[in-house]
Amino acid sequence: MSPGRSRTPFGARLATAMDVHGPLCVGIDPHPGLLAAWGLPDDATGMREFAARVMDAVGGHVAAVKPQSALFERHGSAGVAVLEEVVAAGRSAGTLVIVDAKRGDIGSTMTAYADAYLRDGSPLAGDALTVSPFLGFGSLGPAVEAALATGRGLFVLALTSNPEGASVQHAAAPAPATDSVAGMIAAAAGELNAAELARTGAQLGSVGLVVGATVGDAVRRLGLDLAAVRGPLLAPGVGAQGAGAAELAAVFGAARGAVLASSSRSVLAAGPDVSALREAARRGADNATIALR
Ligand SMILES: O=C(O)c1cc(=O)[nH]c(=O)n1[C@@H]1O[C@H](COP(=O)(O)O)[C@@H](O)[C@H]1O
């Protein structure tokens with residue numbers, strides 16, 4: 001894939017990858033407990049072997065992988081070097097890499113995060129980045145600009161899978177708006193996608209949302225029109241956090257065609273055997289395909 005402005009936008013690349021492999025993203029979360037279960041040391045060498053096995057198993061076989069940055073950062077620069085290797089392995093395998101670093105900062109420092117995670121040639125730049133809009137959606141401007149300029153994508157936290165998220169994300173926006181905070185985030189992403197899709201003619205924009213598969217009836221209760229976002233909807237919470245096929249179908253309704261279900265521990269628990277991992281990912285993708293049909 002050639003870097004730079006000529007690259008097909010992330011939303012279009014993700015739509016193709018989901019068509020080919022099914023709507024599953026495999027999270028690469030080297031938790032200490034998983035390293036122990038795989039007989040690996042809790043250090044950078046253990047994480048390197050862990051990540052290499054996951055990439056051997058699923059690289060070229062799933063729509064996307066999502067390395068969780070904090071779990072690599074635990075081992076400092078040696079751990080971050082392993083994260084960089086995962087990004088490079090995804091590129092070699094032709095598998096989209098969503099770096100889950102949940103970055104968000106005031107504009108001037110957001111520019112530096114954008115440079116680290118969304119610039120061609122940066123060793124930490126995958127195909128998309130998770131970002132936090134809770135310093136104001138506008139603070140993400142430098143990331144939006146960098147992502148769209150380089151054919152990358154963003155997943156903006158909107159309705160997160162953890163129970164504590166509701167206390168902020170379900171809150172009503174300040175008057176005169178009537179939307180919830182999550183609704184305002186969805187609307188802002190939708191505006192960016194409308195502009196991108198008007199330019200490119202693609203079906204799916206590059207500014208996605210994170211909406212946990214565990215959020216129950218929140219989408220309906222808050223009146224969110226997720227289909228109107230016209231961007232990908234990353235749905236963590238499938239597997240270890242308790243959501244399954246029924247929850248995926250119920251949470252996303254008419255927007256289900258844009259959903260990329262995400263599972264980490266429930267797939268990784270099948271390791272360390274590479275073929276067992278690949279089989280677990282296959283099963284996850286098949287289940288997501290059926291649930292979101
Ligand atoms: O942005 C994320 O990836 C994310 C958002 C969210 O709302 N909930 C959530 O669980 N995640 C991430 O998704 C992964 C879920 O892992 P499992 O619960 O093991 O499938 C973790 O890496 C979380 O940090």
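Trainee: In which crossing does α3 pass α13, left-handed or right-handed?

Mentor: Please keep in mind that this is a predicted model. The axes of α3 and α13 are 8 Å apart, and the two helices pack at an angle of about 60°. As α3 passes α13, the crossing is right-handed.

Trainee: How many charged residues does the contact of α3 with α13 have?

Mentor: From α3, the contact is made by R53, V54, D56, A57 and V58, and from α13 by V274, L277, R278 and A281. When these residues are divided by class, six are nonpolar and none is polar. The number of charged residues in the contact of α3 with α13 is three.

Trainee: Helix α3 also meets α5; which word describes the orientation of α3 and α5 to each other?

Mentor: Helix α3 covers residues 44-58 and helix α5 covers residues 76-93. Their axes come within 9 Å and cross at roughly 15°. Angles under 35 degrees count as roughly parallel, and α3 and α5 are therefore roughly parallel.

Trainee: How many nonpolar residues does the contact of α3 with α5 have?

Mentor: On the α3 side, A44, M47, R48, A51 and M55 take part, and they meet A78, G79, V82, E85, V86, A89 and A93 in α5. By class, this contact of α3 with α5 has one polar and two charged residues. The number of nonpolar residues is nine.

Trainee: Helix α13 also meets α11; at roughly what angle do the axes of α11 and α13 cross?

Mentor: Helix α11 spans residues 245-252, and helix α13 spans residues 274-291. In α11, A245, L248 and A249 meet N287, A288, I290 and A291 in α13. This contact has six nonpolar, one polar and no charged residues. The axes come within 9 Å, and their crossing angle is roughly 40°.

Trainee: Where does P272 lie?

Mentor: P272 is joined to G271 by a cis peptide bond, with omega at about 10°. The location of P272 is the loop between α12 and α13.

Trainee: Which strand holds K102?

Mentor: K102 is a residue other than glycine, yet its phi has a positive value, near 45°. The strand in which K102 is found is β3.

Trainee: Which residues come nearest to the ligand?

Mentor: Strand β3, strand β8 and helix α12 each supply at least two residues of the shell around the ligand. By class, the shell has three nonpolar, 13 polar and five charged residues. Of the 21 residues around the ligand, the nearest are T160, S161, P236, S264 and R265.

Trainee: How far apart do the end C-alpha atoms of residues 23-280 lie?

Mentor: An unreviewed UniProt entry places the feature "domain: Orotidine 5'-phosphate decarboxylase" at residues 23-280. This span is 43% helix and 16% strand. The distance between its end C-alpha atoms is 14 Å.

Note on methods
Residues numbered from 1 in each chain as written. Predicted model: local features only at pLDDT ≥ 70, side-chain atom pairs only at ≥ 80, totals over all residues. Axes fitted to C-alpha atoms, helices over the stretch in contact; angles between N-to-C directions. Helix = DSSP H or I, 4+ residues; strand = E, 2+ residues; numbered from the N terminus. Parallel < 35°, antiparallel > 145°, perpendicular 65-115°, else oblique. Contact = placed C-beta atoms within 7 Å. Nonpolar A, V, L, I, M, F, W, Y, C, P; charged D, E, K, R; others polar. Near = placed C-beta within 6 Å. UniProt positions renumbered as here; feature names shortened; annotations may be inferred. Left-handed = near helix turned anticlockwise from the far one by under 90°.
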